[in-house]
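This briefing sets out selected computed features of the structure shown below. Topics follow in groups, beginning with the contact between chains.

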Amino acid sequence: MTLSATDIAAAVAAGRLTATTAIADALDGIAARNPALNAFTDVVAGRARAKAAALDARIAAGETPGPLAGVPFAVKSLFDVEGLPTRAGSRINRDRAPATRDGALVRKLEAAGAILVGGLNMGEYAYDFTGENAHDGPSRNPHDPAHMTGGSSGGSGGAVGAGLVPIALGSDTNGSIRVPAAFCGTFGLKPTFGRLSRAGSYPFVASFDHLGPLSRSVADLALAYDAMQGRDPDDAWQAERPIEPVAGAVEAGADGLRIAVAGGYFARGGHPECFAAVRVAADALGLAATVEIPEAARARAAAYVITAAEAAGLHLDRLRTRPGDYDPAVRDRLIAGATIPTAWVHRAQRFRRHFQERVLALFEDVDVILAPTTPCRAPRIGQARMVLDGVEVATRPNIGLFTQPISFIGLPVVSVPVRPDAGLPLGVQVIAAPWREDLALRVARALERAGVASAPIGTADHA
Amino acid sequence: MTSPPLTDEAAGAVVDAMIPLLGIPMAPEWRDAVAANVKATAAAAALVLEVPLDDAVEPAPVFRA
């Protein structure tokens, strides 16, 4: 499946390709490569073939297909898929009744003509930055299967990075779309908090959960994002925003935008190549300006506290009845989270408002901010420790150093894949003000057009 | 206002005190890892708690971007 979503939809609409063939190609690729990559935990081949045949019949009858006609896609296993228990990477959830309806975003993509081919591996209950999973085994990086995909949307990064599907959906609470996008060399969009419906997805931290797409091009990202916009009464947290399409805007270029590189916290504490990737992007845009995002370390800390507390609250009944069935790495954090004083959580939520006000003030002077996505390349699978700035630290929590402060206040971000050298891919966060996904995507597209952001298919599992 | 970092012993004591209240059947071999996470969370919270906030700063559980 080397074609982009844009190419597939155009070919299907023009009658040069049938949806049936597009889906058969995707299923063949998954069958061939998933044993090495472990990206998919469910493949819904029968459903996908039936939907493709039905779409082809409608096109043959003269119906105009949707903008994603015949495009295969897959979703992190926390999205409801009719007929499957929503496992969310866990053992416990496999005992749930099968979902009776697809999640809201699955329905939106299929309404636009896309066709779901499967559910994707993920870190248990999304409490993860590695893509490892104690029950299903780790998802593997298509650029080097000995390395992590990143997480928690690990299968989403792996499936798109390997070219098994042109579009996958993930969730991002503290970085779980952006991290696997960076490690697997794909584009990933975490929209503004409250933009896309979360209905029919398994939650993690209600205060921070976002859903969004990963792809190998900005055009595909925009295509999927536009198809998923729109108010959904089933999501009580979703903001009252009109549909604001971006597909027509992404080619506008970066000229006229005020863009700066994040300094301070975002310019230290990572491996040099991560900052080199940001420099490559900044140079391509002709940037010299830097901006300091104040109190970023505290923002990360506050996100950490709220995450642990809310996740523990969500899981308390299961911790009381089935603690032994969790991934131990997740269980120990959830139990610890249940002991957090409420006063700390309240204070962290008040700090969130304070931090938001300070960061929003920055957007009076800049439109877009660049920062590294991760402080390191994809570590090896199972690597528990790493060295950052000369200090040995735990790998898991520190992968999210640069993503957590941004999702903490819900800013829209595109992680763009940049390779400053011949090593594994890295990501650069293109961060915009709330509701300005269009600006982040414009800059991402400018970087893609300049040749510094690209997502060649990872084929290392073939070696 | 800063508090001294939580010691391993104090973190363990927090776990021992809270587990009966929470009703979680924790295996003894999980205790040290849970306590290590309590300690890490306390360190994170300390960073947040040392910021003085005006009483008028509203919490953000209902958050509008």
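How many residues of chain A are in contact with chain B, and with how many residues of chain B? The model is predicted, and in it 38 residues of chain A are in contact with 36 residues of chain B. The area buried between the two chains is about 3500 Å², with carbon and sulfur atoms giving 68% of it.

**Interface of chain A and chain B**

- A:Arg347, A:Arg350 and A:Arg353 supply 19% of the area that chain A buries against chain B, more than any other three residues.
- The rule finds 1 salt bridge across the interface; B:Glu50 and A:Arg298 meet through their side chains in a salt bridge at 2.5 Å, N to O.
- On the side of chain A that touches chain B, the elements giving two or more residues are α9, α10 and α11 (342-362).
- α11(A) gives the most to that side, with 11 residues.
- By class, that side of chain A has 20 nonpolar, 8 polar and 10 charged residues.

**Chain B**

- Chain B has 2 helices and 0 strands.
- Of its 65 residues, 37% count as buried.
- The accessible surface of chain B comes to about 3800 Å², and carbon and sulfur atoms account for 63% of that surface.

**Helix α10 of chain A**

- α10(A) covers residues 328-337 and is mostly covered, with 8 of its 10 residues buried.
- The buried residues include A:Val330, A:Leu334 and A:Ile335, and also A:Arg331, A:Asp332 and A:Arg333.
- The buried residues of α10(A) pack against α9 (296-321) and α12 (395-398) of chain A, together with α1 (8-22) and α2 (31-49) of chain B.
- At the start of α10(A), a side-chain oxygen of A:Asp327 comes within 3.0 Å of the backbone nitrogen of A:Ala329.

**Salt bridges**

- Over all chains, the whole structure holds 35 salt bridges.
- A:Arg33 and A:Asp461 form a salt bridge through their side chains at 2.6 Å, N to O. A:Arg33 lies in helix α2 (residues 19-37) of chain A and A:Asp461 in the segment after α14 (437-449), so the pair ties together parts that are 428 residues apart in sequence.
- A:Arg33 is buried at 8% relative accessible area, and A:Asp461 is buried at 14%.
- A:Arg91 forms a salt bridge with A:Asp325, with the closest N and O atoms 3.7 Å apart. A:Arg91 is in the loop between β2 and α4 and A:Asp325 in the loop between α9 and α10, so this pair ties together parts 234 residues apart in sequence.
- A:Arg91 is partly exposed at 42% relative accessibility, and A:Asp325 is partly exposed at 21%.
- A:Arg279 and A:Asp283 form a salt bridge with closest N and O atoms 3.2 Å apart. Both residues lie in helix α8 (residues 272-284) of chain A, 4 residues apart, about one turn of the helix.
- A network of salt bridges links A:Asp42, A:Arg87, A:Arg94 and A:Asp136.

**Two loop residues of chain A**

- A:Thr86 is in the loop between β2 (72-76) and α4 (104-111) and counts as buried at 3% relative accessibility.
- Leaving aside residues up to four places away in sequence, A:Thr86 touches several residues, among them A:Phe79, A:Arg96 and A:Tyr202.
- A:Asp255 is in the loop between α7 (218-228) and β9 (259-262) and is exposed, with a relative accessible area of 72%.
- A:Asp255 and A:Arg442 are 187 residues apart in sequence and 9.7 Å apart in space, C-alpha to C-alpha.

Methods:
Residues are numbered from 1 along each chain as its sequence is written. Chains are lettered from A and ligands numbered from 1 in the order in which they are written. This is a predicted model: local features need pLDDT of at least 70, side-chain atom pairs count only at pLDDT 80 or more; totals for chains, interfaces and linings use all residues. Side-chain values use heavy atoms; hydrogens and water are left out. Buried means under 20% relative accessible area, exposed over 50%, partly exposed in between (1.4 Å probe, protein chains only). Contact means heavy atoms within 4.5 Å. A polar contact is a pair of N or O atoms within 3.5 Å; within protein, one must be able to donate a hydrogen and the other to accept it, and residues adjacent in sequence count only if both atoms are side-chain atoms. Buried area is the accessible area (1.4 Å probe) that two parts lose on being put together, summed over both. A salt bridge is a side-chain nitrogen of Lys or Arg within 4 Å of a carboxyl oxygen of Asp or Glu. Ala, Val, Leu, Ile, Met, Phe, Trp, Tyr, Cys and Pro count as nonpolar, Asp, Glu, Lys and Arg as charged, and the others, Gly among them, as polar. Accessible areas come from the Shrake-Rupley method with a 1.4 Å probe; for residues, only the protein chains shown count as cover.
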